[in-house]
Amino acid sequence: MAAMFTCCVGCCGDGGSGHIPLKEMPTVQLDTHHMGTDVVIVKSGRRICGTGGCLANAPLHQNKSYFEFKIQSTGVWGIGVATQKVNLNQVPLGRDTNSLVLRHDGSVYHNNEEKNRLPANNLPQEGDIVGVTYDHVELNLYLNGKDMHCPASGIRGTVYPVVYVDDSAILDCQFSDFYHTPPPGFEKILFEQQIF
């Protein structure tokens with residue numbers, strides 16, 4: 001018994017805190033390894049400016065994901081979901097099967113086809129918050145917390161949040177600590193190891 005106590009004190013008591021450090025979960029943010037060549041990412045991976053697109057660093061593995069974008073400066077921009085095969089140097093996105101995006105003009109594009117459109121009197125302006133829900137089938141859009149009833153679908157495979165900018169647009173990404181409460185059943189993006 002004394003030997004066991006000595007081992008415990010020797011291993012945990014004198015030499016350290018006795019706690020095993022847990023691996024800190026990564027933060028969902030824009031991924032500087034998956035962005036266009038003329039894109040600038042600042043504010044700890046939350047703000048995009050320049051020209052081109054960028055994926056987030058976490059795929060949408062869970063059933064119901066929610067994320068937001070704040071329009072800091074208007075211009076040409078788009079937000080939605082995309083696979084890692086998307087060409088992040090070619091804006092606007094939505095021209096091929098690898099992206100499904102809301103464009104600054106209120107149109108929602110996938111595979112070079114307009115899938116839906118925001119109501120004309122609800123186009124996002126500077127300072128507005130655009131929320132996005134995705135459930136592996138359908139993308140839905142929210143403007144300042146209000147459901148725009150503008151569903152779109154068609155993209156297949158593993159997708160990531162995507163944002164693109166051009167013509168002086170600046171957007172901030174919000175992957176947690178949202179401006180608006182996510183719709184029922186939807187939550188922030190979880191890394192795969194957080195799901196299980």
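By class, three nonpolar, four polar and two charged residues line the largest cavity, where Ala, Val, Leu, Ile, Met, Phe, Trp, Tyr, Cys and Pro count as nonpolar, Asp, Glu, Lys and Arg as charged, and the others, Gly among them, as polar. This is a predicted model, in which local features need pLDDT of at least 70 and side-chain atom pairs count only at pLDDT 80 or more, while totals for chains, interfaces and linings use all residues. Residues are numbered from 1 along each chain as its sequence is written, and side-chain values use heavy atoms, with hydrogens and water left out.

The lining of the largest cavity consists of V86, N87, Q90, P92, L93, G94, R95, D96 and S99, and the space inside is about 50 Å³. A search of the whole structure finds one cavity of 30 Å³ or more. On a 1 Å grid over the protein atoms alone, a cavity is a set of points where a 1.4 Å probe fits but cannot get out, whereas a pocket is an open set with protein on both sides within 12 Å along at least five of seven lines; lining residues have an atom within 4 Å of a point. Grid points are joined across faces, edges and corners, and a volume is the space filled by probe spheres set on the points.

One of the cavity-lining residues, P92, is joined to V91 by a cis peptide bond with omega of about 5°. P92 is placed in the loop between β5 (76-82) and β6 (99-103), strands being DSSP runs (E, at least two residues) numbered from the N terminus.

The largest pocket holds about 190 Å³ of space. Twelve residues line this pocket, and T27, V28, F175, S176 and K188 lie nearest its centre; by class, the lining has six nonpolar, four polar and two charged residues.

D128 lies in the loop between β8 (113-117) and β9 (129-134). D128 is buried yet has no salt bridge, the nearest side chain of opposite charge being K70 at 9.0 Å; a salt bridge is a side-chain nitrogen of Lys or Arg within 4 Å of a carboxyl oxygen of Asp or Glu.

Methods: Helix = DSSP H or I, 4+ residues; strand = E, 2+ residues; numbered from the N terminus. Buried < 20%, exposed > 50% of the residue type's maximum accessible area, 1.4 Å probe, protein only. Lys, Arg positive; Asp, Glu negative; His and termini not counted.
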